[in-house]
Amino acid sequence: GDTFTVPSGATIVNSGTATGFGGGKVGQVVQTVITTAQALSTSTSKIDLPGYTVAITPVATSSKILVEWYIMFGNDSGDRHLLYLNRGTTEIGIGTTAGLGELCTTGLMTANSNNYWAFNATGSFLDSPSTTSATTYKFQINSGSSYTCHFNRTARGSADGCYISTMTATEVLA
């Protein structure tokens, strides 16, 4: 291949169609929006966030899937809630340093008994599922005890807002 050097300050004008620039194109975007508020009994066992899944079928095994999340929740009396991103039944995007705490994707830790606070967990993870089969992403949650997680609301309920949570999967073509 030839190399073309464009001087600083120069402008390139394309009167035709530019091709051959490779990957990075968006193949498809799928989003789940949860608008209902729910109280979830949790424990040290992981449970699914109800309905909080997104399914996408990659068009090529070389595609990557960008998973983005926005989760609203409240807690009871100064406890923790830990969140785990899953592709199917496999945890992905979790910490790897054992012995320093629970390995998870994200979470909430509070030491305050103000049970009317609302929190959000936001983030993204670029996954390489290496498949053209339908792929489902979901979050699981647990707490350090039997406290209740208030999904899309605070523990006070009707005295406060009712929120939404979203998860978006974007296929990035190779």
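## Arg 87 and Asp 127

Arg 87 has a relative accessible area of 22%, so this residue is partly exposed. In this predicted model, its side chain meets that of Asp 127 in a salt bridge, with N and O 2.7 Å apart. The two residues lie 40 residues apart and link distant parts of the chain: Arg 87 is in strand 5 (residues 80-87), Asp 127 in strand 8 (residues 119-127).

Asp 127 has a relative accessibility of 4% and counts as buried, because the cut-off for buried is under 20%.

## Asp 48 and Lys 138

A salt bridge also joins the side chains of Asp 48 and Lys 138, at 3.1 Å from N to O. Asp 48 belongs to strand 3 and Lys 138 to strand 9 (residues 135-143), so this pair ties together parts that are 90 residues apart in sequence.

Here the acidic residue, Asp 48, is partly exposed at 36% relative accessible area, whereas Lys 138 is buried at 16%.

## Glu 91 and Lys 46

Glu 91 pairs with Lys 46 in a salt bridge whose closest N and O atoms are 2.5 Å apart. Glu 91 sits in strand 6 (residues 90-91), while Lys 46 sits in the loop between strand 2 (38-41) and strand 3 (47-56); the pair therefore ties together parts that are 45 residues apart in sequence.

Glu 91 is partly exposed, with a relative accessible area of 26%. Lys 46 also counts as partly exposed, at 33% relative accessibility.

## Count

The salt bridges in the model number three.

Note on methods. Residues are numbered from 1 along each chain as its sequence is written. This is a predicted model: local features need pLDDT of at least 70, side-chain atom pairs count only at pLDDT 80 or more; totals for chains, interfaces and linings use all residues. Side-chain values use heavy atoms; hydrogens and water are left out. A salt bridge is a side-chain nitrogen of Lys or Arg within 4 Å of a carboxyl oxygen of Asp or Glu. Helices (H or I, at least four residues) and strands (E, at least two) are DSSP runs, numbered from the N terminus. Buried means under 20% relative accessible area, exposed over 50%, partly exposed in between (1.4 Å probe, protein chains only).
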